[in-house]
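Okay, thanks for coming, everyone. Let me put the model up, and then we'll walk through a few spots in it.

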Amino acid sequence: MFNLTTYQGHLANVDAAITTNDKGDRFEELCEYLLAGLTGVEIQARDALMAAEEIDLVLWNAQTEEVLKPFENTILVECKNWSAPVGAPALDNFISKMRRRSLKTGIFIAANGVTGDFLNGNNNNGAIDIIKTSLGEGIRAIIINRTDLDNITSLDDLRTLIKKRYCGLFIHKLFNN
């Protein structure tokens with residue numbers, strides 16, 4: 001169950017982290033706490049290691065949360081607490097993980113967003129171009145950034161954000177509020 005004080009504590013832990021590993025771990029814990037609060041969502045794995053890759057979070061989606069009905073039963077989540085926007089190679093890697101598992105929807109949480117400028121017509125540069133290309137394959141990755149996380153005060157805020165980001169994929173408004 002979501003508790004605002006607990007959630008704000010997770011945000012504070014992210015801010016207080018010093019080492020790169022600690023920053024990543026605290027960010028994953030924040031994302032895990034937030035997403036696990038949604039109805040029918042269970043964390044099935046964290047930092048799942050395979051031979052050549054790692055998946056930050058693997059969610060089971062029981063399809064009972066209205067906002068997650070367009071998502072498959074398994075949802076991959078990538079968490080990047082980087083000091084700069086995430087570039088095309090990292091987002092392409094995430095999309096490739098989804099593709100290899102025949103998944104069509106995923107969540108990419110990047111503290112400083114991703115590179116590229118989809119909204120202002122500069123849509124052939126950076127990670128944003130990866131999103132555009134993947135849409136042509138029927139693969140949808142919503143992007144959530146730290147500003148989004150800071151503005152969440154309830155699970156209804158998260159539901160609204162997911163809806164906006166998901167629908168925004170189809171009208172080239174990935175980051176409009």
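Let's start with Ser 134, which sits in helix α4; helices here are DSSP runs of H or I, at least four residues, strands are runs of E, at least two, and both are numbered from the N terminus. So is Ser 134 buried or exposed? Buried, because its relative accessible area is 2%. The cut-offs are under 20% relative accessible area for buried, over 50% for exposed, and partly exposed in between, with a 1.4 Å probe and protein chains only. Setting aside residues up to four places away in sequence, Ser 134 touches Ile 95 and Ile 139, where contact means heavy atoms within 4.5 Å.

Quick word on the ground rules. This is a predicted model, so local features need pLDDT of at least 70 and side-chain atom pairs count only at pLDDT 80 or more, while totals for chains, interfaces and linings use all residues. Residues are numbered from 1 along each chain as its sequence is written, and side-chain values use heavy atoms, with hydrogens and water left out.

Now, staying with α4, let's look at its packing. Two packed helices are described by the angle between their axes and the distance between the axes. Helix α3, residues 88-100, and helix α4, residues 126-136, have axes that come within 7 Å and cross at roughly 25°. The axes are lines fitted to C-alpha atoms, for helices over the stretch in contact, and the angles run from 0 to 180 degrees between N-to-C directions. That makes α3 roughly parallel to α4; angles under 35 degrees count as roughly parallel, over 145 as roughly antiparallel, 65 to 115 as roughly perpendicular and the rest as oblique. Who makes the contact? From α3 you have Ala 88, Leu 91, Asp 92 and Ile 95, and from α4 Gly 126, Ala 127, Ile 130, Ile 131 and Ser 134. By type, that contact divides into 6 nonpolar, 2 polar and 1 charged. For the record, Ala, Val, Leu, Ile, Met, Phe, Trp, Tyr, Cys and Pro count as nonpolar, Asp, Glu, Lys and Arg as charged, and the others, Gly among them, as polar.

Next, Phe 108, in strand β4, residues 105-110. Phe 108 counts as buried because its relative accessibility is 0%. Beyond its neighbours within four places in sequence, Phe 108 is in contact with a whole list of residues, including Leu 91, Phe 94, Val 114 and Ile 143. Glu 78 is on that list too, and its C-alpha is 4.8 Å from that of Phe 108, although 30 residues separate them in sequence.

Ala 51 is exposed, at 90% relative accessible area. Its C-alpha is 30 Å from that of Gln 63, 12 residues along the chain. Then there's Met 1, in the segment before α1 (4-16). Met 1 counts as exposed at 89% relative accessibility, and its C-alpha lies 5.2 Å from that of Gly 37, 36 residues away in sequence.

Zooming out to finish: the chain has 6 helices and 5 strands, in the order α-α-β-β-β-α-β-α-β-α-α. Of its 177 residues, 46% count as buried. And among contacts with a separation of 6 or more, 60% come from residues 24 or more positions apart.
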